[in-house]
Structures are given as structure tokens and as C-alpha cells.
Amino acid sequence: MVAFDPQYLVNGVIVGSTIALAAVGLTMIFGILNFINFAHGEYLTVGAYAAFVANVTLGLPIPVALLVAVPITAGFAVAIDRVVYYPLRERGLGGVGLLITSVGLSIALRNTIEIIWGSKLRDYAVPSGQAMTIAGVRITALQIIIILVAVLLMVVVHLLLTRTILGISMRATSSNKALALSSGIETERIIRWTWIIGISLTVVAGVLIGLNTSIRPSMGFRLLLVMFAAVILGGIGDPYGAMLGGLSIGIAQEVSVAFVSASYKPAIAFAIMVLMLLWRPEGIRGENA
Amino acid sequence: MCVMTEHMSGVDRRTFLKSTAIVGVGTALAGCSGSSDMVTIGMLQPFTGEVSWVGESSEIAVEIAIEEINEAGGINGQEIELVTEDSEASQQTAVSAMRKLINTDGAVAIIGPTSFTLPAVMNIAQEEQVPQISPTAGTSELDDKGGEYVFRTSTSDSLGGKGMAYIADQTGHEEMAVMYVDNQGGRSFGKTVVEGFEALGGTVTEEIAVSPGKSSYRSELNKAFADDPSFVSLTCGTQTGKTIIDQWYEQDLGGVWGLSNDMQTGEFANQMGEKLEGSYAIGPLSAGDRYEQFADAYRAASDGEPQPFTAEAYDAMNIIALAAAAAGENTSAGIAENLIDVSAPDGTMVSDFVSGVEALDNGDGIDYEGASGPVNMDEKGNVRSPFGRYKSDGSGWQLDGEIAAEDLTF
Amino acid sequence: MLEQLSFVVSVATVAGIYAILTIGLNIHWGETGLLNFGHVAFFAVGAYASALLTIPAPAQSDPYVFGFGLPVAFGLLGAAVMAGVIAVLLGMLTLQLREDYLAMVSIGLAEIIRYVMINENWLTGGVGGLYGIKRPFSDVVPGEFYGLFYLGIVLVAVAGCYVYSRRLKTTPFGRVLRSIREDEEVAKALGKDTFRYRMQAFVVGAIMAGLAGGLWAHYATALTPTAFAASVTFLTWVALIVGGSGNAAGAVVGAVLIIGFREATRFLPDIYGLGSIIPSLRLILVGLLVMAVIRYRPEGLVPERNVSYAEYLKRVGGEN
């Protein structure tokens, strides 16, 4: 490896943008609810499979399938929250109790999906194109679309957070709940919207990942720690940090293949997360929101 | 969806413990059946998790064999009953599952498990003196450890790996890259390919261990093909293999593949279609008709194509039954003593249970040749079979050449 | 009869090993409030240490480098020591972190350790693993009784950890840990070097996990990295919460219940048609069990004495 091959970088950007999307969704939810939800990965999986049913079983084109999957999964997430977590919050339980519950929920959900669809890899019904070579790197049309969609959504999120009242309220609530409450912001409504937006982003990420590769029942769970790593890297509750974190981890993972044994690749995300927590626990962007 | 209802909030601790205990003991006692006109065979495989297809498909294959045997009157007058347990591909689980099969269910022989859990349960087989045959474990770790109670009908990777190197050499390639998953099966095969190819005078340009089940291997592929090898050996199973080959094709990287035997199925070749056209795979030298017969039965029983290792599972059940028949009794000791004999290449060649029993009744020794190949076990419980070199024509694997065991002594 | 018992003995042995793991985790979380999600790392270190100390020197064909052939007692001792050493190293890096950050770092570190075990063949034998680990007194105790004998060893270890843990609560050291758990700032204000106390608790819990690892190694007689996945940590946490954190009895009860429940579900009758999904169903039942316990009896089965329900909920709640 004499000169550095930019292909690794491009691969990293593709993977990283999907991680970034998922991480933004997670950080929003994490920032508001303040517990580590181990079942979060399952929302990504459910979203990917909902789109699969729409696309492959019902024959709808992918963009439509995506639009269908989002509300279905969001509804599912809200229902789960109501049935499983809300009663626990009412009793004053938080933190660890919710975390352990989410572990149980994650096991139950993942295996239910496995019962219904089996553990084999499934693909969306999209034509598999061949890569074009642009400026010495190989990339397919689909991958370009994936990056564009991810970037577009991140821009939308940015606009939401800075230009709309809802978005500004979300940032306020996330950085200081008590203050937000006292200044008249209806936190319950904000929380609900945070859930919806967060889950929607997660679902899109799941479908994009499925488009870039395949879907399987454990896809969300496998990505969970990477998502958390991205969130921590960027600073909990900070959407911009999550975008940066997701991209960085994606790139770091792919580029690492050039230098260390590829079988260490999954450990790269953890190593980054650990180093970050030791060096600068508040995240790359520091105390910000 | 919740197990308990709202009314039970604040369940008393004693009640909770009591009910769990009752459920546990009650069903445990229910599990201890075992009638005297049945003989129990145990199967320990993963039925959940990433490789759940292994358990599911081998169960179908073994049930086919059992039906044939039972229809012919069973072994030594007893019909076979199969009890399965999920190893969850987890060692702790496999250990207790193995003990349940042997001690609670009274299995006289065990089929399975996979390389993931075999190391942890091997000593139980030795301790309890119950023979176990794995139809899938290729790890070369097992090469010198079996023969008394641990056997396998799948070929060792130390042979398979050499076979792959031989294929690359025979098809005119001087440089190759080697990719494998970093688990027991992948590593033992991959390393042997590297050694073998170098022994034949070739150059290995890159050796890459990949993490299984990832969604993107584009960077690994980039590294593997950096020096433009014309041949790449791949050991990774169909799930990971599909992703790797899909992305290789998409990236238009060139070269041909040499796939390991667990990817040498008609279904995989068909699924990958033109992407695999011109690539090679190593596989057991198909016992031709015998395999087709089994494949037909499999298709009828399951609505799908035979998965990797199902023929090996079918054969494992058959030789267990034949070993018991040869011993004249359905005991672990009898089976263990005769497994190697009924499979070794001396004696009347038989390819199914019924003719095997006939020959034994006539006082002849037998040599079982099965659906997965000649199934000749050596004194370490390994099978040494000739291999076939297969080439994909875009929809299936076609036999392209044969590799005898003698060809691989380098 | 001994035959039928063998399965139960085997389950009990695994439950006992998990009980030791859980008691150790209880010292981390229940006594000191440390959210350690990397517990399996100590288990793994202990297992490999004991194995490497007791297996014979490697042959030419073996990829690993160490093998000292020492007696099992040394192996177990080494397991405890190595786990403690690793705990000191990890503790120095992480114990000053906020509680939920500690959770994430510990998962990350445990995973990194697992990847090291997979890749560094010279140390651990890599994915091929280590085989032929000897069992203590296997030539002295007759075959049919060996299972019971080993269970006896494990039970002695469980008892030892249990007694130690209970004693700990009543010592001044234990009381300081409690106060750190309740409110670290107050403890600091009272002049206690909270870092040192947390470190000591961390090491003690890790030593127990290491011991459990050693016991596992000699029970399974073969080790591969697949035995040390994160699911071991999660199962231990589930056992602790279900059994009741804050006391060793809860830890033991939880471990026995979770392992027992998981094994008992093997006997679910194979209702026609349902057969192929029973394995997944068993796991779903474990998940539901966890959720049910947290919902209907969050203090666990063996609640901590002298702690009111409201206080417990607050503690389990973190900052809510």
C-alpha cells in the first residue's frame, strides 16, 4: 500500500452516512429519554423489514415502501413505549431498570422477526447495478443515491432544528428539561415528536443499509454498539455530533482495513468510542446543543 | 403479549418461585420418557441464531434416513426416535444440551454439533462413551483428536484447503489471494490453502481474515484485489459469501473465485447466477446417483434444495444405524466400535441401510458409500474422500475435474 | 438414577459458575453502584489464564506460545490474579467516568478484548482455541461421580464468595461503598478517597469473575473465544436484576433461576407444527421473563434489606 487508495475513503463515506443517519435518530431519543435503550437496534430492523414486506411481498417500488415503513415503525415504537416503558416510568423507574427491560425486549423482538422471516439474508427488489469508475474510485448509482438521501435528510434535520419552533423547542428541551418546562414548552408533545423524528431517521437508515447490502434479523442489534459509539463520539443529544460521529466511524472502519487485520474491523468503532470517553467524554463538539 | 396479567402486580416471591419450579420439574419428568421398543438418537445443532439453517436442514436430512430405516423394521428390531437440542452455537448451552441428550433422553449416539461448540462437548462424548458424528465440522483442530468417540462425515479442512490450492494450480493460476472468515472453520481452511499453494510453488498475494456477518466488505475486497490476483480462495459460508460476491461483482474487480465446500450448492450457484459464472468450488466428489436419490427425497420433504452438509448428515445417520446392526445391539459401545469398520473401504459395498443389513446378515463386512461420498473413515474418525472440482455455468455447478486423495500429498 | 441426575448436575454446575459471576457483579453494581457492562472480560481473562497455566507446553503444531503444566489450584489462583490485574488497569482508565459512560466503555473494552482473543493466536490459540484442559483430580475420582465432585468444588467456591460478600457489607469498607453508591459527593465531603474504594470494589468483583472463568475452563476442558460473547454479561445482569441486587443471596437466586429457567424451557412439549420455532420461542420467553420481573417486581426476588421500596426505585432509577 504505497499511495493511499481513496477507494477506502469512499467506502467509508457510504457506510458512514447510513451510520450517521441512524445515530442522529438515536441521539435525539437518547438525549430526551436519558436511558440506554438496547432495543433501539430492533426499530431499525423492524423498519427495514416493513419496507421489505412493502417492496418485495406487496410489490411497491422502494421509495413508496420507505414512505410506508416509516409511519408503521414509528407507530410500532410509540406503541412499545406506551405498553412497555411508560408504566415503568410512571413508577419512577429509570436508568438501569429501563435498560434491563430493553435488553429483554430486544431479545424478544429479534427472535420474533427470526421466526417470521427466518435468519437468511434478504434483499430488496432493486436492480443490482455495476459500479462506475469516477475519478479512480468505484461507486454505483445506488450508492450515490444513498449518500444523497442521507445528506438531504441531515440538511432537513438541520433546518428543522434551527428554523422551526418545534426544532428549537426540541433543542431547548434536550439541553435543559426543567427550564424548558417552566418556559411553557409542552414537553410531552416535544418528546413525542422527538420519538417520531428519531425513529423515522432510524428507519430510513435501515432501508438504506438494506439497499447497500442486505437485511437480516440481527442487523439492528449488530449496529447497536456502533450507533452508540457514534452518538458518544458526537456528544449525547447532539445531532450534528452524531452526523460527524457516524461518518468518522464509518470512514475509520473502512480505512482501517488497509492497515490492520480486517478481522479487527468491528473493534475499531469500540476503540474510538473508548478513547473518546477517556479523552473527551462530552464528545467532539464539546458541551453544546 | 405479557406473560402475567395486570392483576398479578406484586407477585409474592414464594408463588413465583414455586410456579417456576413446578413448571421446571414437571416438564423435566415429562421429558424422561423412553419406551423400550425405541432407540433414541440425539441431535445437537444450532437451531437459533445466524446458522439456524444448519440445524433445520440437517434435521430434515436425518429424518429422511430415519424414515427409511424405520420402514425397513428399524435397527435390531427397534425403531429410531430422534431427539433434537439447540446448541444456540453457544458453548455453555451446548454442554448442558449434550448432557440432556445423553443422560436424560438416553441417546446412544449424537449427530452434531458444529465447529463452534464441538470443542466444548467432545470430552463429554469421551467421558460418557457415547459416539458423536459431526456432519459439518471441518476444523483441522479435530484431525488428530477423534476416532474413539468423536467422528465426522465432513472432510477436514486440512485436506480441503490443499484441494483448493490444487485447483488453483491446475487451472493455471500462479498468484492467488486468500480470504476467509475468522472463525474455526474459516481459519483452518484458509491457512491450509495458503500453505498448500506455496508448497506447489505459487504466490499468495494477500491473506485476509474477515469478520463474518458484516454488511459491507468493499474495503476488504479492495485490499484482496489490490495486486490483481487472478484467483481468490474464499471460505465463509453462503450468507457472508453472498455479500462478498455481490459486492465484488458490483465493484467489477475481475478474477475468479474458488469457493469452499459449504458454498458448493446448486441453490447458491443459482442464486448468484451470472456473478459466479466461470468461478470454481471444491466439493465432495458427488456419489452421482446416490446423491440424486437423496436430493430428491430432500426436495420432497422440504420444498427446497439440499443445503450444505445435509448429505453428510444423512450419511451420518446411516452409518450409525449400520454400526449398530453390525454390533447386533443398539448400544453406544457397539456403535462406537463399529463405526469405522462399516465405513472403511473393505467389504461389500453398500449404499443404503437395507442392503447393508442384508450383507451383514450374510456374515460379510461392509463398506458404506453414501450420498456425500465414499464415507471412508480413518482411525481418527476423519473421512478421506476424493474431491471434485466444480465450475459454475451461471446456474449450477458442473463437475470440471476430479481430485484424488493421492493428488494432495504435497 | 445417577444417570438422570447427570443433566441436573450439569445445569447446577453452570448455574453455580454464573452465581459466582453474579455475586461479583453485585459487588460492582449492588454494593458500589458501578455500571459494569464488560463483566465477561474478567470471566474470559480468568478462563484463559487458568487454561494457559495448566495445559502442557505447546507442541510444534500449536499456534500458542504458553503452557506451563501447573496443577489446577495454581491455575485458579492465576485466574483470580490476572482478572484482578486487568481490573486495576481498566479501572485506572475508566473509574473516574460518569456511571452510564462507564457502561459504554466497559462494553467497548470487553469487545476489544474479545477481538484480541480471536486474533492473537500466539496468546490464546485464536479461534482454534485451547483443548485438553485438565480437570482437577480426574484420576482420583471415579468417572460416574466426577460430575458431582466438580459440582461440589463449584459450590464451595460459591459459598466462599457468598460469605465474603456478606461479610463485606458489615465491614467499614462495605459501609463506605454503600455511601458512595448512595451519594458520592457526600462520601467525598466526608473525606473518603472514593476512587480508591471504587477501585477496590472493582477488583474484588473482577477476581470473582476470574475465578468463575477458571472454573469454567476446567469444566468445559476446551476454550474458544465464542464462549465469551457479550451475551454472558447480559445474562449475568439479568440474573442480578431478577434475583435482586444489593445482596449476595439475590445474586445466587437470580443466577439459579435464569439458568434453570433457560434449561427448563428445553422440555417444552413439541406441539405439532410448533417444533421448528420452539428454539426461538425459548429465547423470546427469556426476554419476556426479564420484562415481567422488572415490571411487576423491580426490586427482584430477594430485596435488599433495610432499604425501602421507594428508595430502591430511586436508586435503580439513576437520575430520574
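Here are some exercises on a predicted model, each with a worked solution.

Residues are numbered from 1 along each chain as its sequence is written, while chains are lettered from A and ligands numbered from 1 in the order in which they are written. Because the model is predicted, local features need pLDDT of at least 70 and side-chain atom pairs count only at pLDDT 80 or more, whereas totals for chains, interfaces and linings use all residues.

**Exercise 1.** Describe the elements and the overall form of chain A.

Step 1: Helices (H or I, at least four residues) and strands (E, at least two) are DSSP runs, numbered from the N terminus. Chain A has eleven helices and two strands, and along its sequence they follow the pattern α-α-α-α-β-β-α-α-α-α-α-α-α.

Step 2: The radius of gyration, taken over C-alpha atoms, is 19 Å for chain A, close to the 19 Å that the globule rule (2.2 Å times the number of residues to the power 0.38) gives for 289 residues, so chain A is as compact as a globular protein of that length.

Step 3: Along the principal axes, the C-alpha atoms of chain A fill a box of roughly 60 × 45 × 35 Å.

Step 4: A residue is buried if 20 or more other C-beta atoms, placed from the backbone, lie within 10 Å of its own. By that rule, 56% of the 289 residues of chain A are buried.

**Exercise 2.** Work out which elements chain C contains, and what share of its residues is buried.

Step 1: Chain C has 13 helices and zero strands.

Step 2: Buried residues make up 57% of the 320 residues in chain C.

Step 3: Two residues are in contact if their C-beta atoms, placed from the backbone, lie within 7 Å. Take the contacts in chain C between residues at least 6 apart in sequence: 79% of them join residues at least 24 apart.

**Exercise 3.** Find out how chain C meets chain A.

Step 1: Start with the counts: 39 residues of chain C are in contact with 37 residues of chain A.

Step 2: On the chain C side, helix H4 (99-119), helix H10 (230-243), helix H12 (278-296) and helix H13 (309-317) each supply at least two residues. The largest share, 13 residues, comes from H4(C).

Step 3: Sort this side by class, where Ala, Val, Leu, Ile, Met, Phe, Trp, Tyr, Cys and Pro count as nonpolar, Asp, Glu, Lys and Arg as charged, and the others, Gly among them, as polar. The side of chain C that touches chain A has 26 nonpolar, seven polar and six charged residues.

Terms used: A residue is buried if 20 or more other C-beta atoms lie within 10 Å of its own, exposed if 12 or fewer, and partly exposed in between; C-beta atoms are placed from the backbone.
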